[in-house]
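Please read the points below alongside the sequence and the coordinates.

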Amino acid sequence: MANANIGPATEYTCGASLMARYEVKVGSLTVVIDDELLYTESDEWISVDGDTATVGITDYAQKKLKDIVGVELPEPGDHVSRGDSVAVVESIKAAADVYAPLTGEITEVNEELYDAPELINQDPYGKGWLFKIKMEKKGELDNLLNHEEYVEKIKKES
Amino acid sequence: MSQARPVPLKNIHEELSASFGEFAGWEVPMMYTSTIEEHLAVRKDAGVFDISHMGRVIVRGSDALELLERLYTKKISKTKPMFMSGPTLALNEYARVKDDEMLYRVSDEEWLFVPNAAVTKTMISYLESKAKEYGLRVEVEDLTDKYAMLALQGPNAVEYLSKIAGREVVDLKPLEFILGASIAGVDTFLVSRSGWTGEDGFEIWAEPSKAGKILRELVGLGVKPVGIAARDTLRIEMGFVLGGHEYGEDPMKYPCALSLRYGLGAIDWDKTGFVGEPALRACRKEGVRWIRIGFVMKKKHARFIPRESYRITVEGIDVGWVTSGTYSPIRKRGLGMGYIDVRYAIIDEPITIVDHRGREGVAKIQEFPLIHK
């Protein structure tokens, strides 16, 4: 069971009894998982709203990279295919590629990150989002991992 | 990781929530809270590093000085007793650098040195085999496992240390050292006024349990524990070289020692008879092709982080390569160092750094240190 070692909830959605985020121990890291997001094998998260997908890197990815000091983002209007390397997140430790999890057109990028890339460390699922894609092939969503599958993936890595 | 040897104070680092990584076969504390915060603590206040992964070696015997003179590029005999020599180079016969070191003169017949972690064993067997080859009476002893080593670094290092150490320690002059001094109520083996960050500070050798006590006391006083990741960012800002990056023994991979532009009086040209001298002089006669330079990313590419093995180009021509690079928490930009064809080594001129993906960032060639000191 993926949920076996899941820790206590840290955040509750207002009014609802649903747990939105929870913590998982992965090696020496305590990683926050959001159960409403989809994930990739390469540690991106995706939030879907109609035809638009917002993409960022997971809490696990930012904790592995640590001090994030720079980003390179695609241009709005760029057409990207699933699996393309479309952005780079630079930490003191390493430069990490970010892959397009879906095919479509980039509609917006988080320009705030150019001056404040540390937002990815501080709020990976919120202010640290990277770019938005207008999806062309909604069927590709089936290839993404749900939160339980993602927890299994990162546990296997540690 | 399973093969790496943990540093002796690992349990304390775990208590301090360090994340660990491998460095030269050792499991070392890479970071505690944030490399940027730790870096800034060393520049603005003080930080303490566990550098037990470095080698600790004693060279003794009636011919000890003779052996060292034959192996290093600096006149070792000029070192005052109870002082460190200042950095110098051990070369191979291609005038490539085996290691850069400071030699601690206890007496003519007793010297200490701290080899880089990756070459501790190599340097010990090198000294032993050279002593044998030259027929010199020298004994080399590896003290690495006997003592742990801490570095207290930062503009407020003296202030912190004076709370747990006497004047004989706090008043050490730069590169001076003392044996057997007491810190935090425990005996140390050695304390020196030295370091590798560009800041004032001290390096302390003590038995692991005693070093642990000193480390706890310093942290209790508010000194920030600093990981090996910040040690690297600090040395890159200063332009300090590291074996395996700026220098190494392989002549196909590294230019000759002269190209390293080590400075700090590491080479005495009026000295003769040391290993590598013929090749070093040949290199000097012929002139160097490559020269080590520092560079800082231009404002527009401030967040482009140069890294080892990225290419350096000018007008689209390949003219060099990056040997070390990082993000500078002080300049808030990427910066680094590398080798460049001497014809393009013009201070203040722009160069282009190209990563493996083909991304480009523009930097300016700058003299060391790369921060204003």
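1. In chain A, an open sheet is built from six strands in the order S4-S5-S6-S12-S11-S8, with antiparallel pairing; strands are DSSP E runs of at least two residues, helices are H or I runs of at least four, and both are numbered from the N terminus. Two strands count as paired if DSSP finds at least two bridges between them. The edges are strand S4 (38-39) and strand S8 (79-80) of chain A, each of which pairs on one side only.

2. Within that sheet, strand S6 (residues 52-57) and strand S12 (residues 131-135) of chain A run antiparallel and are joined by four bridges. A:Ala53 stands opposite A:Ile133 in S12(A).

3. This is a predicted model, in which local features need pLDDT of at least 70 and side-chain atom pairs count only at pLDDT 80 or more, whereas totals for chains, interfaces and linings use all residues. Residues are numbered from 1 along each chain as its sequence is written, chains are lettered from A and ligands numbered from 1 in the order in which they are written, and side-chain values use heavy atoms, with hydrogens and water left out.

4. A search of the whole structure finds one disulfide over all chains, the term meaning a pair of cysteine sulfur atoms within 2.5 Å. B:Cys256 and B:Cys283 form this link, with their sulfur atoms 2.2 Å apart, and it is left-handed, with -70° about the S-S bond. B:Cys256 lies in the loop between helix H8 (228-238) and helix H9 (277-286) of chain B and B:Cys283 in helix H9 of chain B, so the pair ties together parts that are 27 residues apart in sequence.

5. The largest nonpolar core has 29 residues, and B:Leu150, B:Leu152 and B:Val169 are among those with the most contacts inside it. Such a core is a set of buried Ala, Val, Leu, Ile, Met, Phe, Trp, Tyr and Cys residues joined through side-chain atoms within 4.5 Å; buried means under 20% relative accessible area, exposed over 50% and partly exposed in between (1.4 Å probe, protein chains only). Strand S12 (148-153) and helix H7 (208-220) of chain B are among the elements that each supply at least two residues of this core, and H7(B) gives the most, with four residues.

6. B:Thr120, found in helix H4 (residues 120-134) of chain B, is buried, with a relative accessible area of 7%. Leaving aside neighbours within four places in sequence, B:Thr120 is in contact (heavy atoms within 4.5 Å) with B:Met54, B:Gly55, B:Pro115 and B:Thr144.
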